[in-house]
Amino acid sequence: MKISGKIYIGIIFAMLYIPILVIIFFSFNSSNSMAVFSGFSLKWYGELFKNDKAIDALVNSLMLAVSSSLIATVLGTAAAVGIYNIKSKRAKTAVMTVTNIPMMNPDIVTGVSIMLLFAFAATLLKLEIFGFFTMLIAHITFNLPYVILCVMPKLKQMDKNLPEAAMDLGCTPLQAFFKAEFFEILPGIATGMLMAFTLSLDDFVISYFAAGESFQTLPIYIYSMTKRRVLPDMNALFSVIFIVIFALLLIRNLMTKDSSNVKKAVNR
Amino acid sequence: MTLRLLLKKRSLSLFMAAVVIFSCLMLVSCPEEEVDFEVTSETAAIDYSPYAGTTINVYNWGEYISDGSEGTVDVNKAFTKLTGIEVNYTNFSGNEDMYSKLKSGGISYDVIIPSDYMIERLISEGMLLKLNFNNIPNYKYISEEYRNLYFDSDNEYSVPYNVGMVGIIYNTEMVSSAPDSWSVLCDPALSDKILMFNNPRDAFAIAQFMLDIDINTQNADDWEKAKEWLMNQKNYVKSYVMDEVFNKMESGSAAVAPYYAGDFLSMYQNNDDLAFVYPKEGTNIFVDSACIPTSAKNKAAAELYINFLLDPNVALQNAQTICYASPNTAVVENEDYQNFLKELHPEANAILYPSFEELYPGKDVNDYYYRNLPQATLDKISTLWSELKIASTENSDSYIIYILCITAVILLAGVVVFLKVRKRRRINA
Amino acid sequence: MKTKKSLLQRYAASPYMVWSVLFVIAPLLFVIYYAFTDRNGTFSFNNFSRMFSGETPKVFVISLAFAFVSTLICLIIAYPLAYSMIKTKKKTQNMLIMLFMLPMWMNFVLRTYAISFLLEDRGLINQLFTSIGLGQIKLINTSGAVIFGMIYNFLPYMLLPIYSVMSKMDKSLIEASEDLGCNRLHTLTKVILPLSIPGIVSGITMVFVPSVSTFYISQKLGPSDFTLIGDEIETEIKSAAGSYNYGSAISFVLMILIFICLIVMNKFSDEDAQGGMLV
């Protein structure tokens, strides 16, 4: 059992990693052939770093991810607090159902629906609106449920007497929130924000529908690149992304030496 | 909510990854070196000062200008440097795409570069402005051949930018004898090595040339017939492509594809087994021209931009980057350009600038242009096209999936029934 | 004091609610509006009659079948994988889970590109086959490639939920069942399998929904006659024929179909999980 289990794990590993390793290998190819390795060169990495469009797309992606995750975190945290305090059970269920819609719906339907809204607004306002702001709205929309779902459990775990105690001590409700509750739910907010950031950075399908010509994110740029002639600088980009992620993961894994720590982190 | 758990683990690392990649790129990306470039003195002598500081919106096909990549001249930057007029340059992926953007009235474009039939449509719908040719002195370089074209017979609205024809690109290693007809696109011997246009108008035109039907017919039955031809052809098609054609032809994973002559020359740079031929049945000719839509806000500056594109040196840069045929006589007669073509491909001149009379003697060149079609015909084409795309072929292999699916369902049902029966027995026992 | 607090906190959710109405509910209403109107905005069922008289139902069936098969294969691969993983040391487990998730951190467009690179006619696998004398085998542009693409892309989504449920399982339960004389197979079917159902259910959902609606994998890896429902929506909406009506109608039907699937799925899991386990 043990040996066969290990072999099995090995096979699946091979399946997952061979395509990736092949691409990394060919990113060092001196010619642009996909099949024949004609010699080692760093030429395609040079090409990549000279590529304005790729760098623009990366900057756009980061800009969008930062702004959308920040706004989604503020809106989402407020929403979680609000929903938590809704008394009527029916209203709560209704709001949570709406919250679940973007998570349950296939991405393509969310993307199409939001594009239709913007297309309608564009014809109404006679304005070209597809661009950064449509992307921002789309990203905030699909980020919100995740922020709310990260903050909610923390609110539930929180000691209910805490804000009341703070107010008894003379705080206004707003002060009470920022001095007491906020710190209790901060871990949830932080996870929510990071998750929103990640989702926003990684999203392709929804962005694809909400994007205009003027504003491209990295996934959309990669998509349009694979649609056109694929040059090996694409392989270089692939390798850079992979290696950076791999290194960071490795460092993180080595830093959390104690396995129980990891478990705690996962279960949190 | 496992999804959350899953994503939580990704979040931090991806965040850090993004930061690191970003800083790497910032560090490594070096400023572009300036390429020496000058326009002709005539173009340089124009007084641009009244327009300096204004902006024009230019809407063009993707990869359809010399944009500074790989050591070329960035035409838009050069224009801004010369005139002080900022260029906001965006791309569209097709004429229809451009039309719907323009029609929706979003952004106001100052210069657009659509193809012939679309210009006819735009003119008929009153969406273009008449050009003031006093601002476009370089129009004198446009070849007689590309003046008074059918869609703008009085040369009022448009200035040709690029011209071209569709032909057959094939891999000499994989196609035994040089083809001369569209029929190679449904040659059983090349089955599964054939690429086809993923664009209804171009795909239907091939079928229509084969069947000797007018490519601008408004008769629905004719379109049906063309679709039948395409349905049969589909049995041999590897995939429907547009720009993926570069990769597939260059790597040799496909043997034959219909595509634009100019793009063949780019492909040939990466794979010299490729060859090009114009089919005997006839082929589409297109002219992409610069126009100014009625929504333009900066017409004079737009005309100066068009004039700039016609400047012999600028046009030369574009012709060398895009590799399409230029309607600009100053380019065609330029010795450097002729040498450049020879270096590209020994026959480059004949491929880009064929003589229509020699290729298709006795034919009317106007029958080879696409025309604007009424909405009913366009709807018909779009329905036929989606039917074609969805239809399954004779050698379809998706039946395996159905079999798998059915087996799985039966197995699952079996297990469920088995469990239920056992449960009941146990309860009864 | 109490009333003041509830006032503030009652309004805390209102910006979100406004946002949801504007950007979640309204867009869906637009989908429905476009689905039930024609190009000129008059009410009609034309989109649906066109859909059901044409080839689209077939596309739906294909999409569902492909998603079903790939989900099933993912489950078949991932379940023993998760089971073998929990048998290893804790430290190895962490390393393994990290390595299995690593490909997932990359964008799915990139992952699909990697597969197509490998499967190309002149790609590495075919080079290998040719060099050992097997000749070229058609790998890309086949249904198999699409299934492989889906599995490759979505396998981690199946593995992770199952693994996390299994790793949290109380080890003493397994030991108890072994002490009570169950053999390994019995322990698996009677103890581990029922307890891991919540993981299986969320894994299935997380693989099924994206595979049914994907549009890039099939274009990149599928044969020429191959269209999934996601592709059809994408071409209808993006081809800019000037009307979104037909694409909206397909999206609408897809959405309904998926909701039905999810409801059925949840019903299944509620019955079997003996309640409470599924969040």
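Guide: Before we start, two residues are in contact when their C-beta atoms, placed from the backbone, lie within 7 Å. What you're looking at is a predicted model.

Visitor: Good to know. In chain A, what share of the contacts with a separation of 6 or more comes from residues 24 or more positions apart?

Guide: Take the contacts in chain A whose partners are separated by 6 or more positions. Among those, the share that joins residues 24 or more positions apart is 76%.

Visitor: Over to the interface with chain C. Which element of chain C gives the most to the side that touches chain A?

Guide: The interface puts 71 residues of chain C in contact with 60 residues of chain A. With 15 residues, the element of chain C that gives the most to this side is helix α2 (residues 14-35).

Visitor: How many residues on that side of chain C are nonpolar?

Guide: Sort the side of chain C that touches chain A by class, and you get eight charged and 14 polar residues. The nonpolar residues there number 49.

Visitor: How are α1(A) and α6(C) oriented to each other?

Guide: Helix α1 (residues 2-26) of chain A and helix α6 (residues 108-119) of chain C have axes that come within 9 Å and cross at roughly 80 degrees. Angles of 65 to 115 degrees count as roughly perpendicular. That's why α1(A) and α6(C) are described as roughly perpendicular.

Visitor: What class are the residues where α1(A) meets α6(C)?

Guide: From α1(A) come A:Pro19, A:Ile20, A:Val22 and A:Ile23, which meet C:Ala114, C:Ile115, C:Phe117 and C:Leu118 of α6(C). By class, this contact has no polar residues, no charged residues, and eight that are nonpolar.

Visitor: Now chain B. Which helix gives the largest share to the side of domain 1 that touches domain 2?

Guide: Chain B splits into domain 1 (41-158 + 291-333) and domain 2 (164-285 + 354-390), with 28 Å between their C-alpha centres. Where they meet, 10 residues of domain 1 are in contact with nine residues of domain 2. On the domain 1 side, five residues come from the helix with the largest share, α5 (residues 116-124) of chain B.

Visitor: And how many charged residues does that side of domain 1 have?

Guide: The side of domain 1 of chain B that touches domain 2 has six nonpolar residues and one polar residue. Its charged residues number three.

Visitor: What do the buried residues of α4(B) pack against?

Guide: In helix α4 (residues 95-103) of chain B, the buried residues include B:Asn95, B:Glu96, B:Met98, B:Tyr99, B:Lys101 and B:Leu102. The buried residues of α4(B) pack against elements of chain B, namely β1 (55-61), β2 (86-92), β3 (111-112) and α5.

Visitor: Let's do C:Met169. Leaving aside neighbours within four places in sequence, which residues is C:Met169 in contact with?

Guide: C:Met169 lies in the loop between α8 (143-168) and α9 (171-179) of chain C, and counts as partly exposed with 15 C-beta neighbours inside 10 Å. C:Leu195 is 26 residues away in sequence, with 7.5 Å from C-alpha to C-alpha. Neighbours within four places aside, the contacts of C:Met169 are C:Ile192 and C:Leu195.

Notes
Residues numbered from 1 in each chain as written. Chains lettered and ligands numbered in written order. Predicted model: local features only at pLDDT ≥ 70, side-chain atom pairs only at ≥ 80, totals over all residues. Helix = DSSP H or I, 4+ residues; strand = E, 2+ residues; numbered from the N terminus. Nonpolar A, V, L, I, M, F, W, Y, C, P; charged D, E, K, R; others polar. Axes fitted to C-alpha atoms, helices over the stretch in contact; angles between N-to-C directions. Parallel < 35°, antiparallel > 145°, perpendicular 65-115°, else oblique. Domains from an automatic or database assignment. Buried ≥ 20, exposed ≤ 12 C-beta atoms within 10 Å, placed from the backbone.
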